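Subject: Structure for you to look at

Dear colleague,

I am passing on a structure, with some notes on what was found in it. Please read the notes with the model open beside you.

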Amino acid sequence: KDNKSIWLTWSNQSTIDRPDAILQLQPHECEVRHCQYFDQGSKVLSCSSDIVKIWVASTGQELHSFGGHDNQITHCVISEGGEILVTCSEDTTCKVWEVARKKLLFTFTEHYDGIQACDLSPDSKTVVSADINSQVIVWSSQTGEVLEQWNYGETGVTSCVFVPKGDAVIVANQEGMMKLLSLKGECKATFPFPTLSHSQLGGFDFSNSRGPSRTLSTGSNQGFSVRSCVVSRDGKLLAAAVGDCSAKVWSLENAEFQQAFPHSSDVLSVDFSPDAKLLVTGCLSGTVKVWSLSQNCSILDLPLHYD
């Protein structure tokens, strides 16, 4: 069990009776940076710093692999039907692939710094990508034409994701700023980071943990990096993995803060269940936690990974 493995579980329900991994893949020689179900859950996309792979979810059979970058791959995303794949890298490029033929359609070269995040719109026609110098670019996945571009804050962008309608994006950065932006870069909402007390963060003693380097007392949007963010499938909720050892949830409809889920170590990734009733988080400690949004508590701790 290490950070080169992928554990697969699949549940569309609001309860999990057995937290057992149903299949373990060990496909990568380097740490796994991202994984994603697609094609109605029948396939899995995974990427490490040197290669992207596609698997059959039920058997672990490898179907395709993609590389071609001159530096580390930082992220990847695939259309729900599995037709189009986008990879991004610290080599300052994004690559767009036709999956069925394993064909590189084109390389997007409009960034000048290492790209940290990318996402594909629901209709697969548009890509948003962001780099460590805070440049965000919206471009056509079919031609590579730049549609819009803007700078976001003074520190590198860590996450950019489309909302389900595809008409706006959530953009977050290392200084803890997270906003809903139109595809022209106009701010439609800013998501507040309320100050949380020690007891609200679970009363954890962080003195011996691999937690944040900053003090927990700030809790503001000017203190902690947003590691990653995700929008629920119904477009009503936004969740973020935040560098104050917590995952936080907001209403996407009115940008109001709703809940914070404390951890004993840094939270690196977060996702909603398909029905948006559960939240799953991945921590620096190697633990995966499943949270009930209605009960506001952890219902499962899965120590599946180490290092």
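Strand β5 (residues 52-56) pairs with β6 in the antiparallel sense over four bridges, where strands are DSSP runs of E of at least two residues, numbered from the N terminus, and two of them pair if DSSP finds at least two bridges between them. Within this pairing, K53 stands opposite S65 in β6. Both strands belong to an open sheet of four strands in the order β3-β4-β5-β6, with antiparallel pairing, and its edge strands, β3 (32-38) and β6 (62-66), each pair on one side only.

Please bear in mind that this is a predicted model, in which local features need pLDDT of at least 70 and side-chain atom pairs count only at pLDDT 80 or more, while totals for chains, interfaces and linings use all residues. Residues are numbered from 1 along each chain as its sequence is written, and side-chain values use heavy atoms, with hydrogens and water left out.

As for the aromatic residues, F191 and W250 form an edge-to-face pair, at 6.2 Å centre to centre and 70 degrees between the planes (rings of Phe, Tyr and Trp, the last by its six-membered ring, pair if their centres lie within 6.5 Å, and planes over 60 degrees apart count as edge-to-face). This pair links distant parts of the chain, 59 residues apart, with F191 in the loop between β18 (187-190) and β19 (226-231) and W250 in strand β21 (residues 246-251). Both F191 and W250 are buried, that is, under 20% relative accessible area with a 1.4 Å probe, protein chains only. Ring pairs also link F191, F193, W250 and F257 into a cluster.

Notes: Phe/Tyr/Trp six-rings, centres within 6.5 Å; stacked < 30°, edge-to-face > 60°. Buried < 20%, exposed > 50% of the residue type's maximum accessible area, 1.4 Å probe, protein only.
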